[in-house]
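Here are my notes on the model below. Please read them with the structure open.

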Amino acid sequence: MMHYLGEVPELQQWLNKNLQQYQLLVDLLTGLLDRGFYPVPTDPTGHQNFRMDHTLAIIDTLNRFPYREPNGPLKVFSTGPVYKPTSSQWTETVDVEILGGTPAESLALVDDLLLWLCRGATRPHLVVGNLASLHRALDAAGLTDLEITTVMSHLRNGNRVDAEALLANRVPASHRIFHTVAWSHFKTAGTFDLPPEYYSWLEKLTPLSDVSWDLASVGTWPYYDGLVFSLYGPNIGQPLIRGGQFRLALGGRSWQGIGFTVFVGAYEQFVQGVS
Amino acid sequence: MSELTVAIAKGRILDSFRVLWEGSVGHWPIPDTSRQLWFPPTGQSPGMLIARARDIATLVALGVADVGVVGLDVLREYPTPDVLEVADLEISQCRVVIAGTHTDWPEGPVRIATKYPRIADAFLKQHQIAGELVSLSGSLELAPVLGLASYIIDIVDTGRTLREHDLFEVSTIMASSARLIANPAHYYTKPEVQEFRDRMVCIRKGAPYANC
């Protein structure tokens, strides 16, 4: 006897899961469109390489148009999987970029997006670092430019051991600057001089998310130059969101802004409260 | 720390890690004759997962284990950017060396047998040595004896195996020891992960956790 495919429980379960994933993706994209973000299609196999990062692909696309100083920030997003060469895996993502504008304007937009993304779910954990503060701290510890570059490279690769060792060679107790601190403690201790807009940015997020300060958090990409952040959900072993402020020169133009990537699979677990 | 899962590489690291575990966590969950690979958390003690060294970083990156213990040589040979290296445990110390039937530095086109093709390739490029790599998974000392390669790049502890095959160290490429790695998401969201790291570091320094 022939069964209608939808009556096969395993298939129906699989179809339902796909339906949920697509519904979530549609919700994400609708939310961005409602907030005035423009979609920018990017090529997953451009420049004879698999796409590992949307930011460069977006800017590469925008560079094809004549340049005019934007009147306020340009809000764009791109969707699709990114490739991880070390694991040969593709991960579904939505990438959001706010290009140009003042830092305060851009941070306010990121605030709005993060609060929207965290709404109604289990309390997540935001980890924040700042490359400018880290650079100043390493400089104050007496590290040479080459040593600072080496420390940054170690941290970008997740290697805290060698970064701390290099720093401890100069200032034995200085490895303590890599300790993760709760934002509530950090803001009162005032160890690092942060621009005031960072304080107000983080203050607005604290009602919905735990916030930690970690100077060893430097982001994934070498073009980050200011604030970097990652959002994690309880019992989800992958980041939900990763991003930061950047400045990069591409195609003869200089671009600055702030952006982040939503990892759709992890974000779905977070929204559904699945551990 | 009862909800924590620790992935540990089989072999030498597992044996030497026992001292750190017993000093910081307490009861060692593995019976002496056991071949079991998974010991769930008990309420008093973290869970333990025993796996091949090259799989440890993957298990931690995927969040299957919160933390892992693996040799630096393996981390450099199979880099996994989605983990944090949070402590050098200073156990299972060894070196990755280039060795041959004599102590002469390799000149000209040479053939080198190794189970570390990534580390070996970086070494050859750094020193501008024209070398052909032969990838083997074990018993590297046999390669020069059988004429398969004039040099080997391998891990060395005391050097006894090299001596028994009439091989000589030419140069040390890197020093290695066991590193504690952590899943970044769990490192930030589970306070037990940072506590476990701090306990391990204190024991390594020979200091009680409370005063470390």
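**Notes on the predicted model**

1. Chain A has a mean pLDDT of 88, and 93% of its residues reach 70 or more; pLDDT is the predictor's confidence in each residue, from 0 to 100. This is a predicted model, in which local features need pLDDT of at least 70 and side-chain atom pairs count only at pLDDT 80 or more, while totals for chains, interfaces and linings use all residues. Residues are numbered from 1 along each chain as its sequence is written, and chains are lettered from A and ligands numbered from 1 in the order in which they are written.

2. Among the elements of chain A, strand β1 (residues 38–39) has the highest mean pLDDT, 97. Helix α7 (residues 183–189) of chain A has the lowest, 78. Helices (H or I, at least four residues) and strands (E, at least two) are DSSP runs, numbered from the N terminus. Where pLDDT is low, the predicted coordinates should not be read in detail.

3. At the interface, 16 residues of chain A are in contact with 19 residues of chain B (contact: C-beta atoms, placed from the backbone, within 7 Å). On the chain A side, β4 (125–130) and α6 (160–170) are the elements that give two or more residues.

4. Chain B is divided into domain 1 (5–92 + 177–211) and domain 2 (94–175); the bounds come from an automatic or database domain assignment. Their centres, taken over C-alpha atoms, are 30 Å apart. Four residues of domain 1 of chain B are in contact with seven of domain 2.

5. Chain B has eight helices and eleven strands. Its C-alpha trace spans about 60 × 35 × 35 Å along the principal axes.

Terms used
Two residues are in contact if their C-beta atoms, placed from the backbone, lie within 7 Å.
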